[in-house]
Amino acid sequence: MKGDKVFSLLYPRGKEVEFKKLEDSAFHDLGLDVICKAVTSGPKEIEIIADILSYLTPDPEVANYRQDVFEDIKNLPDIRAKIAELFEKIEFNRQFGMIRKSKDEVEGLWLLMHRLGQYRDYITCVDSLKECLSDDRIRSKGLKDFKAYIDEVYVDAHFNELKKDLERLSMETSEIRSVTLGLNLNSRLEAVSMGIVSVNNKPFKKSGIVSNFAEGISGDRIKDGNEWNGDMHYRLVDKKSTPGYASFISDMLKHTNPILASTGVSTMTSIPKGDGLTNAPAQFDVTLNKMLDAIAKSLRRTLDKYADMALYHIADVIPEFLYYIRFAEFMTGLEEKGFTFSKSKAVTGTDNRMRVKNFYNFKLALSLSDPKELVGNDLDFDSDHTIYILTGANRGGKTTSTQGIGLLFALAQGGIFVPADSFEFEPVDCIFTHFPADEDKTMNLGRLGEECIRFKEIFNNATAESLILMNETFSTTSFEEGYYIACDAIRALLTRGVRTIYNTHMHKLGIDAEEFSKDLGQKASSLIVKSEGGNRSFKLAVAPPEGSSYASDIAKKYGVTYDILVGEMR
């Protein structure tokens, strides 16, 4: 993916940005699929949000640009609501504008009239959007640049000229008040075609040309020529009882002359029987175009000048706005329940490649009703802590913490506030996960073989700017074999300088962490989930593994020590 749109709220204007896409497995391992479905229920919106979160760039300017835009949208709910309303109208107009007849068919007057209304609505929306984005409370470069972009559109699309043209066309078309229809008959008095006799700027009155039709064709009163002399009467269409124009004309004939009534009107051009009045305008398109050719051509020429207006470029930004708006609404709801989020800061060129205070797992928070159930943690990535070997009790929070770190990067780089008191970080170019695979994916290679192949693929695609999260990797074989493979993997990752969290039950990896770092610029550290008297604390600490002491606590708690067991025998 390359950032090369005319305008985007996802990266600074004029900046070309290279993105890498998360693997589907990583997207799932991080729980982003669950988060997307929690943020919105609409399938299309889920797709939009997932697509944006899936593409990562290590450029800190992009992350900060997004954070600023999200801050404005989240903190200004009134502007957020107004923009959402305006974009809904713009998107509707764009979708309607895409509806066209076949290539060989001339655009009908009725569709042109709808386009005229579409552009009027569009101008109103753009004017309102300009006003909305002029609010002094807006601070982000993204929204300010969007306002400047709309100003440019205003000039480039000749909005002032468009306004004048639409006003003129509206005045011309608004003068149409009635249409005189003409029926051509064959020798058997069957209606063979229909046309428009005239377009009038005044409506017909009840004493018009139709109700006395029988008298008009009786005896020797058949007129020479087809000019109306004003001698006939006009009968109003009863919308409640008349299903369509064809039925109305048929009904009218039945009331005037038995001969005409017996012939029927089924041969009338472009008027199928049974169509309702609501569809009648579309049925008259061809005829109306011929009779109103001058107006239609003028209208078509004017609207075609604006056919490629920036309406479509502005509408392209709607999914990006929707992305921010849905997250803002969702996080506001969580904050009302007591959950905390903060704006992050992307940096580069420092030794502190991540510093987070009091973070928690965002996905875990979705399943909790009380934020007091969460346990916050602090963690840093720097040259002394490039790889964390995380150990601790089963169900003690190792996987949750590992996943939580990945979510911090994914959300922050997506511009979304993070579940922490503070988060300063160097963005990653991609997040790779090596979590246990499904059974059916290991049938041919075996679990260990599949793990090795997957790890090698990840290592080959990762760079010093990547983040790798490993969950019980190489644990599907004996301890000795797993440990041997893991040692080489850790040394290779340190050589590449990839930020990594490797949670494992092989405590010896944590004990030997310093050994892995010899003669290398980056270091591995032992990270543990602390135990408190045999109870899970879910608190992280940089410290040697607690394997033996934790087992001792558990043994004492359940009375399975030598002294306790033997003592009970006495």
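Of the 570 residues of the protein chain, 48% count as buried, where buried means under 20% relative accessible area, exposed over 50%, and partly exposed in between (1.4 Å probe, protein chains only). The model is predicted: local features need pLDDT of at least 70, side-chain atom pairs count only at pLDDT 80 or more, and totals for chains, interfaces and linings use all residues. Residues are numbered from 1 along each chain as its sequence is written, and side-chain values use heavy atoms, with hydrogens and water left out.

The secondary structure of the chain comes to 24 helices and 14 strands. Helices (H or I, at least four residues) and strands (E, at least two) are DSSP runs, numbered from the N terminus. The accessible surface is about 28,800 Å². Carbon and sulfur atoms hold 52% of that surface. Accessible areas come from the Shrake-Rupley method with a 1.4 Å probe; for residues, only the protein chains shown count as cover. Contact means heavy atoms within 4.5 Å. Among contacts between residues at least 6 apart in sequence, 72% join residues at least 24 apart. Tyr-55 is found in strand β2 (residues 55-56). Tyr-55 counts as buried because its relative accessibility is 17%.

Strand pairing was examined next. Two strands pair if DSSP finds at least two bridges between them. Strands of a sheet pair through backbone hydrogen bonds, either parallel or antiparallel. An open sheet of four strands has the order β5-β9-β6-β7, with mixed pairing. Its edge strands are β5 (345-346) and β7, each of which pairs on one side only. β5 runs parallel to β9, and two bridges join them. Within this pair, Ala-346 stands opposite Phe-425 of β9. Strands β6 (residues 354-359) and β9 (residues 422-425) run antiparallel and are joined by four bridges. Here Val-356 has Phe-423 in β9 as its bridge partner. β6 also pairs with β7 (residues 377-381), in the antiparallel sense and over four bridges. Arg-355 stands opposite Asp-380 in β7.

Strand β12 (residues 499-503) is largely enclosed by the rest of the structure, because five of its five residues are buried. In a regular strand the side chains alternate between the two faces of the sheet. In β12, Arg-499, Ile-501 and Asn-503 point one way, Thr-500 and Tyr-502 point the other way, and all are buried. β8 pairs with β12 in the parallel sense over four bridges. Thr-500 in β12 is the bridge partner of Ile-387. Strand β11 (residues 467-471) pairs with β12 as well, in the parallel sense and over five bridges. Asn-471 has Asn-503 in β12 as its bridge partner.

Thr-391 is found in strand β8 (residues 387-391). Thr-391 counts as buried because its relative accessibility is 1%. Leaving aside residues up to four places away in sequence, Thr-391 touches Lys-398, Thr-504, Met-506, His-507, Leu-527, Ile-528, Val-529 and Pro-545.

A cavity is a set of points where a 1.4 Å probe fits but cannot get out; a pocket is an open set with protein on both sides within 12 Å along at least five of seven lines; lining residues have an atom within 4 Å of a point. Grid points are joined across faces, edges and corners, and a volume is the space filled by probe spheres set on the points. There are two cavities of 30 Å³ or more. The largest cavity holds about 60 Å³ of space. It is lined by Asp-72, Ile-73, Leu-76, Ile-79, Arg-80, Ile-83, Ile-138, Leu-143, Phe-321 and Ile-325. Two or more of these residues come from each of α4 (60-75), α5 (77-97) and α16 (318-336). α5 gives the largest share, three residues. By class, the lining has eight nonpolar, no polar and two charged residues. Ala, Val, Leu, Ile, Met, Phe, Trp, Tyr, Cys and Pro count as nonpolar, Asp, Glu, Lys and Arg as charged, and the others, Gly among them, as polar.

The second largest pocket has a volume of about 660 Å³. Its lining comprises 28 residues, of which Ser-25, Ala-26, Asp-29, Thr-433 and Arg-454 lie nearest its centre. The elements that give two or more residues to this lining are β1 (20-21), α1 (24-29), α2 (32-39), α18 (398-413), β10 (431-434) and α19 (447-461). The lining of this pocket divides into nine nonpolar, seven polar and 12 charged residues.

Methods: On a 1 Å grid over the protein atoms alone, a cavity is a set of points where a 1.4 Å probe fits but cannot get out, and a pocket is an open set with protein on both sides within 12 Å along at least five of seven lines; lining residues have an atom within 4 Å of a point.
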